[in-house]
Amino acid sequence: MTFSTIDHEMMAHALRLAARGLETVTPNPRVGCVIVRDDQIVGEGWHERAGAPHAEAAALAVAGDAAAGATVYITLEPCAHHGRTPPCAKALIQAGVVRVVAAMSDPNPKVAGRGFALLKEHGIAWECGLLENEARELNIGFISRMTRGRPWVRLKAASTLDGKSALENGVSQWITGPAARRDGHRWRARACAILTGFGTVRADDPQLTVRDVPCTRQPLRVVVDARLETSPNARVVQGGNVLIACATRDEARAAPLEQSGAQIVVLPNAAGKVDLPALFVELGRRGVNEVHVEAGFKLNGSLLREGCVDELLLYVAPMLVGDAAMGLFNLAALTDLKQAYSLRITDLCAIGEDFRLLARVC
């Protein structure tokens, strides 16, 4: 399939519009739309938040009568079902557009080709696949939830150049500089949930909130705490919007946590610990698309061993602290390099005095 230069330009613009909803649309996908007639943009829009008009509706409202005979560039197949808002495919048909170009089909089983079929039924030409990789990256969490039933899990960690996350005495503040820490909050802001373990809560008493960058909504905070040892006075519990996953429910410990606004879910595995894969299925059921993990080396290792990590977000500081310091992952010793976890580096850049590395788990 061949797309023109203007097709590429308009879809790239639609993707930029979609990215404006990076932090606000959960649990929905990030979608942008551009309406073009006679090579001129007559309407554009993006999905701003769940319950608000979809990108197509926003763009059509701007275009008005100029949408008749126009080409529509949309980063995701238009929906054909009635959810919180009316179906967008029908709105495009009623507006009289003649061509729809989509970056990708919708992985949601409620849509999955139905939008394109409806357009074809009404004689509207449609094409799909323009800048598809970019569109998929933008909605990698939504795609994961729709196709795997669980969110995309991004594990963030900071380390020294010799791969250490903290000194032997546990001190880790601050390995990286302020620019890297601020960048980490940007990744927090795009996530639907931020996850840590009880060990980190006990050692650092974190808030697990977005603070260093603008953010109009705070992600769900998730604590993995097998024995419900989290104090109801812990900062992570304050203000509600927190889910504590445990292996057994102790009423004496659960009651004050719930009174503080925490939700508790019991998910034991055979070893009497929290069933981590089941936890991510539960988060997917709750509409969580992306999980941002900030935990200690024990939970980091468990998540990696149990196949829960999709991507590493690693900040590396130009310092050396020696062998006695704490590593990043609590993993068993290997006897052969073939047993190593393979990664594919997708991005490497400087952030202030540090480096940021993104790597997918193969």
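## Surface patches

A patch is built from residues with over 30% relative accessible area and no salt bridge, with nonpolar side chains (Val, Leu, Ile, Met, Phe, Trp, Tyr) joined within 5 Å and like charges within 9 Å. A salt bridge here is a side-chain nitrogen of Lys or Arg within 4 Å of a carboxyl oxygen of Asp or Glu. The model is predicted: local features need pLDDT of at least 70, side-chain atom pairs count only at pLDDT 80 or more, and totals for chains, interfaces and linings use all residues. Residues are numbered from 1 along each chain as its sequence is written, and side-chain values use heavy atoms, with hydrogens and water left out.

L167, M319 and V321 make up a nonpolar surface patch, with about 190 Å² of accessible area together (Shrake-Rupley method, 1.4 Å probe). V321 sits in the loop between strand 12 (311-317) and strand 13 (343-351); strands are DSSP runs of E with at least two residues, helices runs of H or I with at least four. V321 counts as partly exposed, at 30% relative accessibility (buried is under 20%, exposed over 50%, partly exposed in between).

## Positive charge

R202, K273, K298 and R305 gather in a positively charged surface patch. K298 belongs to helix 11 (residues 297-305) and is exposed, its relative accessible area being 57%.

## Aromatic pair

The structure holds 1 aromatic pair (ring centres within 6.5 Å; planes under 30 degrees apart are stacked, over 60 edge-to-face, the rest tilted). F116 and W126 are stacked, at 4.1 Å centre to centre and 5° between the planes. The pair links distant parts of the chain, 10 residues apart: F116 in helix 4 (residues 114-121) and W126 in strand 5 (residues 125-128). F116 is buried at 5% relative accessible area, whereas W126 is partly exposed at 35%.

Technical notes:
Buried < 20%, exposed > 50% of the residue type's maximum accessible area, 1.4 Å probe, protein only. Lys, Arg positive; Asp, Glu negative; His and termini not counted. Charge placed at Lys NZ, Arg CZ, Asp CG, Glu CD. Phe/Tyr/Trp six-rings, centres within 6.5 Å; stacked < 30°, edge-to-face > 60°.
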